[in-house]
Amino acid sequence: MASFSNLTIGIAVASFTVFQLLFHVVSSWVSTRITPGFKNLSQKRKIEWNSRTVSTFHALVVGGFCLYILLYDDAVNADHIWKVLTQAENKNGDTECQLKVHYVIFAVLGKFGINRDLLLIICYWKAIGDKFFVIHHLAALYAYSFVLSRGLLAYFGNFRLLAEFSTPFVNQRWFFEVLGYPKSSKANIINGVLMTVVFFVVRIAVMPIYYSHVIASFGTEAFHRLGFAAQSAWIISSVVLDVMNVMWMVKIAKGCYKVICLIGRKEAKTHRNGKSA
């Protein structure tokens, strides 16, 4: 497992360095040049802006890895609980377990992203503190500790992280808001509809598929081998995360409905004015 430890540490250090540079340097530098309104934001807003920029980048990277694994890795899709490890023969003819590199990347990036968010929330609580985000991240962190430390449940961890594809749209909505874009603006409307659709697809519509695989694993030998701690982390964190996803989906859907109604009223008013003219 020495190679696994070195790989994990290497990816963690590289990730930490890249995301710190993005947060403290790159985000502000790029934002100043492509968005003039960034300069006029308060320091509190700039902190959250940089945090969300890093969050968007992280979501795209992790989401890409997860989609690749889901589509092209037959091993993990064949065994949803234990098939993270591949059997390899060493020079002495003994069989040893070696973690696949892309699983390490996926697990480290997933867990690192959670740690990064928690660290930023704690350090800048007055600017970006949110108790629901803390609960969300702690539940995910507890579950992903088993993926990274013991190589368990990679399929289900991968499935959960597909939810990251909705993050860029959520962040973009906030960017538009602080820049003063009207809710009825074309950019806001397009992003709002896409956010609602993507959030529903990757966080809500996938629930029946996810929980059907969870239920199918109950009572199997692989499930019993997990032990109570891993079983509890898996099930409890899944339920907590999905309860929060449903709460957020309701809020997003209501917001999207209000915007669509606003468009309808504006179009009706324009039509009436056109007729009266």
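This is a predicted model: local features need pLDDT of at least 70, side-chain atom pairs count only at pLDDT 80 or more; totals for chains, interfaces and linings use all residues.
Consider Ile81 as an example. Once its neighbours within four places in sequence are set aside, Ile81 is in contact with Leu152, Leu153, Phe156, Ser217, Ala222, Phe223 and Leu226.

The chain has twelve helices and two strands. Along the sequence, the order is α-α-α-β-β-α-α-α-α-α-α-α-α-α. Of the 277 residues in the chain, 44% are buried. Among contacts with a separation of 6 or more, 74% join residues 24 or more positions apart. The accessible surface comes to about 15,200 Å², and carbon and sulfur atoms account for 66% of that surface.

How many of the residues of H7 are buried? Eight of its eight residues are, so the helix is mostly covered. They are Ala154, Tyr155, Phe156, Gly157, Asn158, Phe159, Arg160 and Leu161.

A search of the whole structure finds two cavities of 30 Å³ or more. The second largest cavity holds about 70 Å³ of space. Its lining consists of Phe159, Arg160, Ala163, Val202, Arg203, Val206, Met207, Tyr210, Tyr211, Asp242 and Asn245. Two or more of these lining residues come from each of H7, helix H9 (186-204), H10 and H12. Which element gives the largest share of this lining? That element is H10, with three residues. By class, the lining of this cavity has seven nonpolar, one polar and three charged residues.

From the cavities I move to the pockets. The second largest pocket has a volume of about 290 Å³. It is lined by 17 residues, and the closest to its centre are Ser31, Ile34, Trp49, Thr53 and Phe175. Helix H1 (2-34), helix H2 (43-72) and H8 each give two or more residues to this lining. H1 provides the largest share, six residues. The lining of this pocket divides into eleven nonpolar and six polar residues, with no charged residues.

Asn191 is found in helix H9. Is Asn191 buried or exposed? With a relative accessible area of 7%, it falls under the 20% limit and is therefore buried. Not counting residues up to four places away in sequence, Asn191 touches Phe169, Gln172, Arg173 and Phe176.

Glu177 lies in helix H8, which covers residues 167-178. Its relative accessible area is 49%, and Glu177 is therefore classed as partly exposed. Glu177 and Asn188 are eleven residues apart in sequence, and their C-alpha atoms are 8.6 Å apart in space.

To close, I recall two points. Thank you for your attention.

Conventions
Residues are numbered from 1 along each chain as its sequence is written. Side-chain values use heavy atoms; hydrogens and water are left out. Contact means heavy atoms within 4.5 Å. Buried means under 20% relative accessible area, exposed over 50%, partly exposed in between (1.4 Å probe, protein chains only). Helices (H or I, at least four residues) and strands (E, at least two) are DSSP runs, numbered from the N terminus. On a 1 Å grid over the protein atoms alone, a cavity is a set of points where a 1.4 Å probe fits but cannot get out, and a pocket is an open set with protein on both sides within 12 Å along at least five of seven lines; lining residues have an atom within 4 Å of a point. Grid points are joined across faces, edges and corners, and a volume is the space filled by probe spheres set on the points. Ala, Val, Leu, Ile, Met, Phe, Trp, Tyr, Cys and Pro count as nonpolar, Asp, Glu, Lys and Arg as charged, and the others, Gly among them, as polar. Accessible areas come from the Shrake-Rupley method with a 1.4 Å probe; for residues, only the protein chains shown count as cover.
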